[in-house]
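This report goes through the structure shown below, from strand pairing to packing and then to backbone geometry.

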Amino acid sequence: MAQEPDILKPPTEAPAAEKPLPAAKGSLVIIGGGLRGDNADVWQKIVNLAGGKGARIAVFPAASGTPERAAEIIIGYLKKYGADAFAVPVAVRLAGSDYRKAADDAALAEKIRKSGGVYFAGGDQSRITKALVREDGTRTAALEAVWDLYRRGGVVAGTSAGAAIMSSTMFHNPRAILPMLRNGITDGQEIAPGLGFIGDDVFVDQHLLVRGRFARMIPAMLTKNYKLGLGIDEDSALVINAQREVEVIGYSGGLLIDTSQAVWDKSRPDFNVSNVRISYLDRGDRFNIITQSFTPAPDKAGGRIEAGRTALRGPVYSNDILGNYAVVQLMERLIDSDQEEAIGVASGNPRSTTPEVGFEFRFSKTPESVGYISGIAEAYSVLNIRLDIRPIDIPRPLYKYR
């Protein structure tokens with residue numbers, strides 16, 4: 001018997017049947033950066049969604065500081081997996097080219113439009129918007145061609161910077177995470193308009209788990225009033241179809257952040273928030289943006305962690321919650337332990353001589369918290385953990401030699 005999917009939160013809007021589907025008929029492949037050439041799951045998915053063997057895929061190297069080299073590498077991988085890929089010569093850093101003129105070239109736009117997919121390279125996402133959006137905010141012919149392809153049923157893929165542009169708001173020139181938490185986020189500085197392929201209701205970020213970027217997603221989402229955020233890790237991808245069903249593929253997974261019930265006290269000088277809901281979606285997991293329903297990967301289908309299970313015992317904490325995969329490791333230990341909450345701390349240089357403001361990240365189980373464990377590997381999916389963030393005073397120096 002098929003397992004019923006978990007609902008991550010009770011629906012507060014009209015039922016899915018009453019909602020119009022997005023205008024686009026195509027798919028998105030949102031890659032968290034660091035995509036390896038041997039990651040067949042991701043590369044082959046892009047080629048298949050573009051039409052399979054021989055599919056035409058337009059490669060945009062606009063974000064790269066070395067666009068010729070970036071395009072050459074990406075085209076090589078796409079051809080390896082069966083595509084007929086070509087470079088789009090629209091890039092701020094492309095030598096001997098006027099990117100503004102190229103972006104409005106009618107013949108080039110038609111070539112893009114007739115393709116089965118596009119691929120946006122990594123680098124600096126502001127270079128993509130600079131190259132493809134006119135100074136008055138309107139779309140160039142090349143960008144309109146991408147939208148036409150997407151509406152018709154083609155695939156729009158992007159890695160790193162190419163993933164950041166997928167939402168209508170993207171990080172533009174962000175500071176490090178701790179300064180953003182201490183000093184806030186300013187629209188037009190740390191964040192700016194993206195290209196919005198995923199829609200106006202979902203925020204996207206990338207390089208997520210290796211760089212602890214979930215912590216910067218939350219203030220950005222609250223600043224722009226996003227209720228739902230999807231962050232994807234390196235060498236992994238979110239595949240989203242026209243019905244807004246999300247599948248996680250690749251090496252690891254990503255985080256789903258829900259701020260619909262969050263409380264943010266803007267009167268306080270440092271960032272603080274309570275009742276954010278955070279979930280870890282592992283590879284093979286599926287999530288429906290419209291219905292808010294979750295279906296575990298096949299290897300986890302019978303691995304729901306029952307309430308009261310205490311495989312692990314003792315306090316769950318992290319001294320560096322922004323460290324490499326620290327947030328996922330903490331959530332996995334919490335959902336499979338006898339503890340009801342876990343603590344993570346974020347702070348700066350422990351050898352500093354002056355006290356500083358750090359942050360406590362408190363993760364708590366709720367009645368809606370659910371965990372799944374794989375039957376073939378020590379791999380978890382974790383849903384609906386409550387997260388509260390508040391500033392704390394960090395004494396300095398943090399330690400002394402004995």
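In strand 6, Val156 is the bridge partner of Leu28. The model is a predicted one. The pair Leu28 and Val156 belongs to a parallel pairing of strand 2 (residues 27-31) with strand 6 (residues 155-159), which extends over five bridges. Strand 2 also pairs with strand 11 (residues 236-240), here antiparallel and through four bridges. In that pairing Ile30 has Leu238 of strand 11 as its bridge partner.

Strand 2 is mostly covered, with five of its five residues buried. Ser27, Val29 and Ile31 point one way from the strand, Leu28 and Ile30 point the other way, and all are buried. In a regular strand, side chains alternate between the two faces of the sheet.

Strand 1 runs antiparallel to strand 17 (residues 293-295), and two bridges join them. Asp6 has Phe294 of strand 17 as its bridge partner.

A right-handed β-α-β unit is made by strand 18, helix 10 (residues 326-335) and strand 19. Strand 18 (residues 317-318) and strand 19 run parallel and are joined by two bridges, and Ser318 stands opposite Gly344 of strand 19. Strand 19 also pairs with strand 20 (residues 356-364), in the antiparallel sense and over six bridges. Arg362 in strand 20 is the bridge partner of Ile343.

Which residues form the covered face of strand 19, and which the uncovered one? In strand 19 (residues 341-346), Ala342, Gly344 and Ala346 make up the covered face, while Glu341, Ile343 and Val345 make up the uncovered face.

| Strand pair | Sense | Bridges |
|---|---|---|
| Strand 2 and strand 6 | parallel | five |
| Strand 2 and strand 11 | antiparallel | four |
| Strand 1 and strand 17 | antiparallel | two |
| Strand 18 and strand 19 | parallel | two |
| Strand 19 and strand 20 | antiparallel | six |

**Nonpolar cores**

The largest nonpolar core has 58 residues, of which Ile30, Ile112 and Phe197 touch the most other members. Helix 6 (residues 141-152) gives the most to this core, seven residues. Leaving out residues up to four places away in sequence, Phe197 touches Leu28, Phe120, Leu143, Val146, Trp147, Tyr150, Val156, Ile165 and Met166. A second, separate core has 46 residues, including Met180, Val276, Ile321 and Ala342. In soluble globular proteins, nonpolar side chains tend to be buried together.

**Packing of helices 1 and 2**

Helix 1 (residues 40-50) packs against helix 2 (residues 67-80) at an angle of about 75°, and their axes are 9 Å apart. Angles of 65 to 115 degrees count as roughly perpendicular, and helix 1 and helix 2 are therefore roughly perpendicular to each other. Trp43, Ile46 and Val47 of helix 1 make the contact with Ile74, Tyr77 and Leu78 of helix 2.

**Loop residues and backbone geometry**

Asp233 lies in the loop between strand 10 and strand 11. Is Asp233 buried or exposed? Asp233 has a relative accessible area of 0%, so it counts as buried. Leaving aside neighbours within four places in sequence, Asp233 is in contact with Gly32, His207, Leu208, Leu209, Val210, Ser252, Gly253 and Tyr325. Between Asp233 and Tyr251, the C-alpha to C-alpha separation is 8.5 Å in space and 18 residues in sequence.

Asp235 is in the loop between strand 10 (228-232) and strand 11. Its phi is near 55°, a positive value in a residue other than glycine. Asp235 counts as buried, because its relative accessibility is 11%.

Gln292, in the loop between strand 16 (286-288) and strand 17, also has a positive phi, near 60°. The relative accessible area of Gln292 is 11%, so this residue is buried.

The peptide bond between Arg396 and Pro397 is cis, with omega about -5°. Pro397 is in the segment after strand 22 (380-394). Most residues other than glycine have a negative phi, and most peptide bonds are trans.

Notes: Residues numbered from 1 in each chain as written. Predicted model: local features only at pLDDT ≥ 70, side-chain atom pairs only at ≥ 80, totals over all residues. Heavy atoms only, no water. Buried < 20%, exposed > 50% of the residue type's maximum accessible area, 1.4 Å probe, protein only. Pairing = 2+ DSSP bridges. Right-handed = clockwise from strand over helix to strand, strands pointing away. Core = buried A, V, L, I, M, F, W, Y, C linked by side-chain atoms within 4.5 Å. Contact = heavy atoms within 4.5 Å. Axes fitted to C-alpha atoms, helices over the stretch in contact; angles between N-to-C directions. Parallel < 35°, antiparallel > 145°, perpendicular 65-115°, else oblique.
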